[in-house]
Every structure is written in C-alpha cells, then in structure tokens.
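Shall we read a structure together, one feature at a time? Bring your questions, and we will go from the general idea to the case at hand.

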Amino acid sequence: MAPKETDIINKYTAYLRLEKGLSENTSEAYAEDLNKLVRFVKSEPDASLLNLTYDDLQQFVAQLSDLGISARSQARIISGIKSFYRFLLTEDYLKTDPTELLESPKTGRKLPEVLTINEVNNLINSIDLSKAEGQRNRAMLEVLYSCGLRVSELITLRYSNVYFDEQFVIVRGKGDKQRLVPISPKALDDIRNYLIDRHTIKVKKGFEDTLFLNRRGAGLTRVMIFHIIKEQAKIAGIRKNISPHTMRHAFATHLLEGGANLRAIQMMLGHESITTTEIYTHIDREFLRREIIAHHPRNRTPEKENHYTENV
C-alpha cells in the first residue's frame, strides 16, 4: 500500500522541526513552498510527489516564472523542494532524486536599504513619548539597532534575559539557538523607562516574561512591528523603504564602518556562515566608493574645488 502524501509531508515538517532544528516560522515557509508543488501535482494527470520526473519539475519551475514569481523567490522554492526530495531519499521513499540536476535561476545579490547614523537618530528621536506606546516603541527601536536583532527575536525577547548590570541580552534565534549579545547603555536606559509603563499593564497568562507587550498585555506581532517602523519613518521624513530588518542592517553596517571585526559581527547577528555576514562588506565598499567620489581631489569639479579652497 502506497504511503499517503499528507503523511509524508507531515513527517517531513516534523523532521524539519525536530531533526533539523528549524524554527516554526522557517518550517512553515518550507511547507508553504512545498504546497506550491503539491498544487502543481494535483493539476497533472496521474502525477504524485513520488513519481515526478526531472522534466515534470522543469515544467513546474517554468510555471513559477509564468506566474511572475521573482528569480530570488524561485531559487528559495527550488531549494526547499530539493530539501524535501533529499528527505525522501533518506527515508527510502525514493531510490533516485529527480531534483539532482534542477538548477535555480541566476539571482543578483541585492544590497539591503541602509540608514545613515543621522537617519537612525532621527527615526528614534521622532517618537512622541507623550503617547502611551511612545516609550515602548523607543525602547524597541533602540534594542533593534543596539543588538541587531531579527524582528522574531525582538518580539520573543524575555525580560529575564536582559542583564542590566552585565549589559548583555540572551537572544533566542533561528533553530531555537541562543546567543549572547552586548546591549548599549542607551538601550538599557530606554528599557528601564519603558518598564515603568509595563508594570501598569495587566499581563495575560503566558506573557509574564515577554519584554515588549501590547496594550492588552499580550505579545506583539511581526506585522505590528513593521507597521510601527513604517509609520515612524514617515513622521521622521525618511523616504527610504525600510522595515525592522533595516535596523539590523544599520547595526551591522555601522559596526563595520567603525572598524569592527567581521567575525564578531557574525556572532552578534547569529549567522551560521560568515558568507551571510559578508554582504555587509559589499555595503561598506559602496559607502567607501561614494565617499571617494565625493571627496577625492581628482573627482572634484572646478566649482567643488573653489568651494574647497575657500573653506581651507
């Protein structure tokens, strides 16, 4: 009797969580990408996940392109499907891997939007502290920028994992892995100020140790953090397309510009591979290129040269 596809998929998602140690969000993302292949299989006569061929999978990839899915997203989906078929081989559901020769589309490395130090300061200083959520939002932005946290790490940050005297926080990152991250005195001061307001909130059961809460005493969502930062950027007059992740990029870029060691940045960001962190060296080079173009004597126009000599 052939195994049911739903049973196989459930076993695969359990494998991702328990054996691969992936977070719930990452596991759900893998499952959603796999669902795209499941929907494709249902549209093909006599097809199943266990009898797809390389040609079938090429047709599936072509369909992704026809639907307007970006090359970067296609590459992610293909990577997830390859992971699924490696699992099928390991569990002896298949003898050969039809994805072995499947290639991902070429993707350029897109550099993230980066805020300057002044823009970060303007963003944080534009928060209205007279509002009920003002001090909480200020503390959240300071923690994002001070520690380089992912948004998922911010909303799950525990009060008991903030060490005020030692100036460290324990962060629970991808794959439920913990890391120790230094936190600035400024961010700690803002947390202390926020705690005055937090102590007046009636906390819901299960959120007693969650640091940042909404007005109803429960944890914040990723969507709420995105909305807060988008709205605050408008108030601060920042026209760049920013998100919570932009604060993480600013953290890493400003450290690198200040001379921090790339390995130290890797540890603070919680990157498993140094190659992930190396994207910030590209940002740093672009920053240096702009500075050289703007200030090197050989790049000055006569007007700039006159202005320079007049101000010497």
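**Reading helices, cores and pockets**

A: Let's start with a helix: α9 has 14 residues and spans 20 Å from its first C-alpha to its last, close to the 20 Å expected at 1.5 Å a residue. The expected span is 1.5 Å times one less than the number of residues, and helices (H or I, at least four residues) and strands (E, at least two) are DSSP runs numbered from the N terminus. This is a predicted model, in which local features need pLDDT of at least 70 and side-chain atom pairs count only at pLDDT 80 or more, while totals for chains, interfaces and linings use all residues. Residues are numbered from 1 along each chain as its sequence is written, and side-chain values use heavy atoms, with hydrogens and water left out.

Q: Which residues are buried in α9?

A: An α-helix has 3.6 residues a turn, so residues three or four places apart point the same way. In α9, the buried residues (under 20% relative accessible area; exposed is over 50%, partly exposed in between, with a 1.4 Å probe and protein chains only) are Ile-225, Ile-228, Ile-229, Gln-232 and Ala-233. They cover an arc of only 130° around the axis, which puts them on the same side of α9; the arc is that of the directions from the helix axis to the C-beta atoms. On the other side of α9, Val-223 and Lys-234 are exposed.

Q: What covers the buried residues of α9, and what comes just after the helix?

A: The cover includes α5, α6, α7 and α10. Just after α9, Gly-237 has a positive phi of about 75°.

Q: Where do the buried residues of α3 pack?

A: In α3 (residues 54–66), Leu-57, Phe-60, Val-61 and Leu-64 are buried. Seen down the axis of α3, they fall within an arc of 95°, so they line one face of the helix. They pack against α2 (24–42) and α4 (71–90), while Asp-55 and Asp-66 are exposed on the other side of α3.

Q: Which residues have the most contacts inside the largest nonpolar core?

A: A nonpolar core is a set of buried Ala, Val, Leu, Ile, Met, Phe, Trp, Tyr and Cys residues joined through side-chain atoms within 4.5 Å. The largest has 40 residues, and Val-143, Ile-191, Phe-212 and Met-247 have the most contacts inside it. α6 gives the most to this core, with seven residues. Setting aside neighbours within four places in sequence, Met-247 is in contact (heavy atoms within 4.5 Å) with residues including Leu-115, Val-120 and Ile-229. A second, separate core of 24 residues includes Leu-34, Leu-37, Val-41 and Ile-78.

Q: Is Thr-246 buried or exposed?

A: Thr-246, found in helix α10, is buried, with a relative accessible area of 3%. Leaving aside neighbours within four places in sequence, Thr-246 is in contact with Glu-113, Leu-115 and Asn-241.

Q: How much space lies in the second largest pocket?

A: On a 1 Å grid over the protein atoms alone, a pocket is an open set of points with protein on both sides within 12 Å along at least five of seven lines, and lining residues have an atom within 4 Å of a point. The second largest pocket holds about 290 Å³. Of its 13 lining residues, the closest to its centre are Lys-131, Glu-133, Asn-137, Glu-231 and Gln-232. The largest share of the lining, six residues, comes from α9.

Conventions: On a 1 Å grid over the protein atoms alone, a cavity is a set of points where a 1.4 Å probe fits but cannot get out, and a pocket is an open set with protein on both sides within 12 Å along at least five of seven lines; lining residues have an atom within 4 Å of a point. Grid points are joined across faces, edges and corners, and a volume is the space filled by probe spheres set on the points.
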